[in-house]
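Here is a brief report on a protein model and its backbone. Please look over the sequence and structure first.

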Amino acid sequence: MSEHRVLKFDDIKPGEAKKVDVAGRLLAIVRIGDDLYALGDICSHANYSLSEGEVFEDERELECWKHGSTFSLETGEPQSLPATEPVPVYTVKRDGDDVVVVIDR
C-alpha cells in the first residue's frame, strides 16, 4: 500500500467533488462536512467524469452528470440506472491540512 497526498483539505468545499490523478488512476475526492470519500472518477456505464456531477450529501452519493446514474460514496455501488457495475472506492483520510489517499499496489 502507498499513501498519496492529493490536495489540501481546504481546497475542497463541503458538498464538492474534485478530480485527482493518483499513480495514474483518476479519482473523485468528495467532501461532505468533514468526511472524505474517494472513488474511481470514471462512470462504469460510460466514460464520463463523476467528479463533474452533483454530490447528494444526505444520500452520500455522487451523480454522473451525463446519464444520471448515482453511486454510493461508501461502497461505489450504483444506486440508479443506467449503471449496473460499481466503481472502485479507496481509503481516504485527513492528515493535518492534507487529504491522503491509500492505493493498494
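Arg60 lies in the loop that links strand S5 (55-56) to strand S6 (61-63). Its phi is near 55 degrees, a positive value in a residue other than glycine. The model is predicted. Arg60 has 24% relative accessibility and counts as partly exposed, because that class runs between the cut-offs of 20% and 50%.

Ala23 also has a positive phi, near 50 degrees, and is a residue other than glycine. Its place is the loop between S2 and strand S3 (25-32). Ala23 is exposed, because its relative accessible area of 58% is over 50%.

Most residues other than glycine have a negative phi, and most peptide bonds are trans. A cis peptide bond joins Leu81 and Pro82, with omega about 15 degrees. Pro82 sits in the loop between strand S7 (70-72) and strand S8 (89-95).

Now the sheet. Six strands form an open sheet in the order S1-S9-S8-S4-S3-S2, and the pairing is antiparallel. Strand S1 (2-8) and strand S2 (16-22) are the edge strands, each pairing on one side only. From one strand to the next, the twist averages 30 degrees.

How many bridges join S1 to strand S9? There are six, and S9 covers residues 98-103. The two strands run antiparallel. Leu7 has Val99 in S9 as its bridge partner.

Definitions and conventions
Residues are numbered from 1 along each chain as its sequence is written. This is a predicted model: local features need pLDDT of at least 70, side-chain atom pairs count only at pLDDT 80 or more; totals for chains, interfaces and linings use all residues. Side-chain values use heavy atoms; hydrogens and water are left out. Two strands pair if DSSP finds at least two bridges between them. Helices (H or I, at least four residues) and strands (E, at least two) are DSSP runs, numbered from the N terminus. Axes are lines fitted to C-alpha atoms, for helices over the stretch in contact, and angles run from 0 to 180 degrees between N-to-C directions. Buried means under 20% relative accessible area, exposed over 50%, partly exposed in between (1.4 Å probe, protein chains only).
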